[in-house]
Amino acid sequence: MLNRAKITPLLLGCLLTFLSLLPVKAAEKLYLSYGPLLLSLRIESLEIFAKHGIINEDLRFYLDKLTTEQQDEFRSILVRKLDINPVLISRFFNSSIGENMLTIVGDGVTIQGGINGKYALRGAMVSASLDPEGLTLLNVLKKYPTNIQLQGDLLEGLEQKIKHLILATDLLVTNLEQWTTEEVKTTPSVDYSLLKDLRKPGDYKIIKQVWQLTDKSRERSFYVDVYIPQTLEKQKIPVFVFSHGLSSRPEDYSQLLKHLASYGYLVAAPQHPGSDTIYLQEMFKGYHRNIFALNDFIDRPLDISYVIDELERRNVAAFLGQLDLDNVGVGGHSFGGYTVLALAGATIDFENLQQDCSRFYHGIDIALLLECRALKLPRTSYNFRDNRVKAVLAENPVNRSIFGQKGLSNITIPIILSSGSNDPAAPPVLEQAASFTWLTTPDKYWMLIEGQAHVDFSQLDGQIKQTIDSLAYFTFPSQKLINSYVDAMSIAFFEVYIQNNPTYLPYLQSSYAQYLSQGERFKLDFITNHSSHKLVNTLEEFKQEYGGLK
């Protein structure tokens, strides 16, 4: 017997899951294959409903089990417009990462008969974005060049994995909140209102310089933003080097860089020419096939080491020999997180990466799509460990599959991971949770900012920001709040492990995270090595409950 209650949410779930990717001009029908069943729906019926609110007999079969509110929401989704440049759509989905995303989607959203629909999807999205009605779900369906067939069993499985990811993330956040509270009970009470507020700038004035460097051994030129604290004391000056994220630039992280410099750190942030904003812009202009150069898996950590080399060359003449280059702190965001973990000693595990990249689930983990490109590197041993690096901050790092447990266990220096619970590009459940448990160094910390996404929206390209705003689905914490968390915990971490200043140890604990979170909707959760075993147990629960998330 046909189970209408099961078929209806399945069809609607398929449509909603692929809101921005599901792209019937020539298409007249949308088919749903589910087990032995093959159901159909005329695209015209969806258009009549979307534009006039009329549910005809063809559509009633699918909608009559929904409430009025659910019907209204579905109608709104059909015509919700995404403002994206059609050229950007075309070129992104022609990149290897974009095409891999479409291939995964195209396995479930096929041309009638079961042929992968990735090329039809791409064409329909570009065509819809060029149309006066714009890029809407309905318009993409109308522009699809032939009838479309949803592979119900496969899409239901993917939808289930998405739900599992959401549930696992919620549980992870709940547990981190609890573990933060439990760790507070094991540490001495501190009245932070009587201590220095690390969210505020330090006492040093700063001069910014921009250096142009060329590493002749690699024929690689790049600029470096350098923030120099104006210190009069004859003392060692701590050094911090930062690696920006994919398709970004050093300037995008100026808040953190200036904050550290105001506490007396010389801060250097190099451009990574093969994976920065300029490279992305060139890709959209047609100069590159992909959004980043494959060799940046190698060049990025070498860029950081070269900057430290340059500081050594300039130390005596420009800084009177005061730079402490035997104890360098490094930080990085996203792809920069990969970069600094490599500098800390993490090594690429090609076998682990191959296994993860062969699994369908990576359609949800965008970070893994980036990591999988490393499979095109020569299969040799890569060791980027720089012994001058003594402590690492990895923000929203892309790391889990490319390093694996084997690669990450090589890190022996202090490390602090930073994550955002709403990060769609490097979800903490997929990219940082297991990594934290695999780190063998006893001096490890994990802070998770509730509600944080992957990027600083204030630094986004105008059109990309407009696209995100047009979705109108999400509420994120203010960037000011995010900065305050990261600024404060970073100062505490590097003061302890680079400056060897024990007076900052009281800040580097869960009670300080709770203090910073007072009165805030989006909390800061913070755990140390003491809670690592609890996280191991939670990940095992995920595995038993959901069959593993990777």
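In this predicted model, Ser418 has Met447 of strand 13 as its bridge partner. Strand 12 and strand 13 run parallel and are joined by six bridges. The residue ranges of the two strands are as follows.

| Element | Residues |
|---|---|
| Strand 12 | residues 415-420 |
| Strand 13 | residues 444-449 |

Both strands belong to an open sheet of nine strands with mixed pairing, in the order 6-7-9-8-10-11-12-13-14. Strand 6 (206-215) and strand 14 (524-528) stand at the edges; each has a single partner strand, so one side of each is left without a neighbour in the sheet. On average, neighbouring strands of the sheet are turned by 20° against each other, direction ignored. Helix 13 (residues 335-344) packs on this sheet and touches strand 8 (237-243), strand 10 (323-333), strand 11 (389-395) and strand 12. The direction of helix 13 makes about 145° with that of strand 10.

The largest nonpolar core holds 85 residues, of which Leu266, Phe297, Phe403, Ile411 and Trp446 touch the most other members. Helix 12 supplies the largest share of this core, eight residues. A further core, of 42 residues, lies apart from it and has Tyr265, Ile416, Tyr497 and Phe522 among its members.

Leaving aside neighbours within four places in sequence, Ile411 is in contact with Leu341, Ala344, Gly345, Ala346, Leu439, Thr440 and Thr441.

Helix 12 spans residues 296-319 and bends by about 40° at Arg313.

How values were computed
Residues are numbered from 1 along each chain as its sequence is written. This is a predicted model: local features need pLDDT of at least 70, side-chain atom pairs count only at pLDDT 80 or more; totals for chains, interfaces and linings use all residues. Side-chain values use heavy atoms; hydrogens and water are left out. The bend at a residue is the angle between axes fitted to the seven residues ending there and the seven starting there. Helices (H or I, at least four residues) and strands (E, at least two) are DSSP runs, numbered from the N terminus. Two strands pair if DSSP finds at least two bridges between them. Axes are lines fitted to C-alpha atoms, for helices over the stretch in contact, and angles run from 0 to 180 degrees between N-to-C directions. Contact means heavy atoms within 4.5 Å. A nonpolar core is a set of buried Ala, Val, Leu, Ile, Met, Phe, Trp, Tyr and Cys residues joined through side-chain atoms within 4.5 Å. Buried means under 20% relative accessible area, exposed over 50%, partly exposed in between (1.4 Å probe, protein chains only).
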